Amino acid sequence: ELAGKSHIRPPLKNVRGVPLKEPIAKNFESVWDFCPDPTDILIATYPKAGTTWTQEIVDLLLHNGDTEACKRSSIVVRSPFLEISNPSPIPSGLDLLCKMSPPRIIKTHLPIQLVPEGFWENKCKVIYVARNAKDSLVSYYHFDRMNVTQCEPGSWENYIQKFMKGELSWGSWYDHVNGYWRERENRNILYLFYEDMKENLQREVERIKQHLDLSVTDDVIAHIAEKTSFEVMKENPMVNYTFRPFLDQSISPFMRKGEVGDWVNHFSASQLEIFDEHYEQQMKMSNIPFRTNL
Ligand code: A3P
């Protein structure tokens, strides 16, 4: 049984204008003070963009494609979630990080302005993964239904409204993707798209390898792409989150569909019209090449 009722369907608290779950907000000052090693790697995403997928790819790259080595523990232990604070006795991200030696693969959903300064000062390698808004929204909705440490999602109709207003945990998708996009060249951020990964995973794994300055052969790159397909990862107990007691995978599996374009099965015509118009407004100054279909 999980202790720490405060982690169950927690309220959101504003941290410098960004809504974060209360347990994260409470600990934010220690997260802000975290100082990474220059060899640490940061994987940053808005929730549901393909974080776990990218974490597994990076761990495999650092282990030259050794799938057994990458089953040494679950993904949450191999690649800690910087800001997360879990129901006891599950360790927080910082608890795990302080026991590991660099290079560490660090996950965050923080928008760029909340990422601890040390990552930029130390010129850590950063990978950002973005996923189109509609598929992110659909995936996040199902995740919030099955994860009791997330806020109550409410109805689908209402969830769309909250997404558009930036009222979900970790804030506005629009600000998040744009914040990292604007800084990608200044701060040497590899900006990846979920849709590109679906289109040609081997090509994107190669780009990650280049960004991380690793020497990994083409054969190993191909092998990593094979072992990180949706089908393989769904069956891998070290990455499919079946190890997490507070996720109810009978409501919706963590590895749910893994597709581009599932949004068509969720939005009504009138919801689409409202969403698209708002999207145009929010993104008109932005030239991020998002794709909602392949
Ligand atoms: P869906 O809910 O659309 O299926 P995150 O790891 O950031 O929480 O993202 C989870 C989303 O990425 C889920 O999307 C999940 O199925 C998908 N995903 C995880 N591994 C994947 C893989 N190897 N290939 C494609 N999609 C994957």
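UniProt, in an unreviewed entry, places the feature "domain: Sulfotransferase" at residues 38-285. The structure discussed here is a predicted model, and the annotation may be inferred rather than shown by experiment. Over residues 38-285 the chain is 44% helix and 8% strand.

The side chain of Y194 places an N or O atom 2.8 Å from a nitrogen atom of the ligand. T228 contributes through its backbone, with an N or O atom that lies 2.9 Å from a nitrogen atom of the ligand. In the case of R256, an N or O atom of the side chain is 2.8 Å from an oxygen atom of the ligand. As for the surface involved, the ligand taken alone exposes 570 Å², and the protein buries 97% of that area.

W173 belongs to helix α9, which comprises residues 173-183. Its relative accessible area is 1%, so W173 is classed as buried, the limit for that class being under 20%.

Aromatic residues form a further theme. A pair of aromatic rings is described by the distance of the centres and the angle of the planes. With centres required to lie within 6.5 Å, the count comes to 28 aromatic pairs. One of them is formed by Y140 and Y159, with 6.3 Å from centre to centre and 90° between the planes. This pair is edge-to-face, because an angle over 60 degrees places it in that class. Y140 lies in helix α7 (residues 133-146) and Y159 in helix α8 (residues 156-165), so the pair ties together parts that are 19 residues apart in sequence. Both tyrosines, Y140 and Y159, are buried.

Aromatic rings also meet charged side chains. The charged end of R187 sits over the ring of W120, at 4.6 Å from its centre. R16 likewise lies over the face of W32, and here the distance from the ring centre is 4.2 Å.

Most residues other than glycine have a negative phi, and most peptide bonds are trans. Against that background, S88 and P89 are joined by a cis peptide bond with omega of about 10°. P89 is found in the loop between α4 (75-78) and α5 (93-98). A cis peptide bond also joins P102 and P103, where omega is about 0°. P103 is located in the loop between α5 and β4 (105-108).

R9 has a phi of about 40° although it is not a glycine, and R9 lies in the segment before β1 (12-15). With a relative accessible area of 23%, R9 is partly exposed. For D213, also not a glycine, phi is about 60°. D213 lies in the loop between α11 (201-211) and α12 (218-227). The relative accessible area of D213 is 63%, which means that D213 counts as exposed, the class for values over 50%.

The loop between α4 and α5 also contains S85. S85 is buried, with a relative accessible area of 14%. The side chain of S85 makes a polar contact of 3.3 Å with the side chain of H7.

Terms used. Residues are numbered from 1 along each chain as its sequence is written. This is a predicted model: local features need pLDDT of at least 70, side-chain atom pairs count only at pLDDT 80 or more; totals for chains, interfaces and linings use all residues. Side-chain values use heavy atoms; hydrogens and water are left out. Helices (H or I, at least four residues) and strands (E, at least two) are DSSP runs, numbered from the N terminus. Rings of Phe, Tyr and Trp (its six-membered ring) pair if their centres lie within 6.5 Å; planes under 30 degrees apart count as stacked, over 60 as edge-to-face and the rest as tilted. Buried means under 20% relative accessible area, exposed over 50%, partly exposed in between (1.4 Å probe, protein chains only). A charge sits over a ring if NZ of Lys or CZ of Arg is within 6 Å of the ring centre and within 35 degrees of the ring normal. A polar contact is a pair of N or O atoms within 3.5 Å; within protein, one must be able to donate a hydrogen and the other to accept it, and residues adjacent in sequence count only if both atoms are side-chain atoms. Accessible areas come from the Shrake-Rupley method with a 1.4 Å probe; for residues, only the protein chains shown count as cover.
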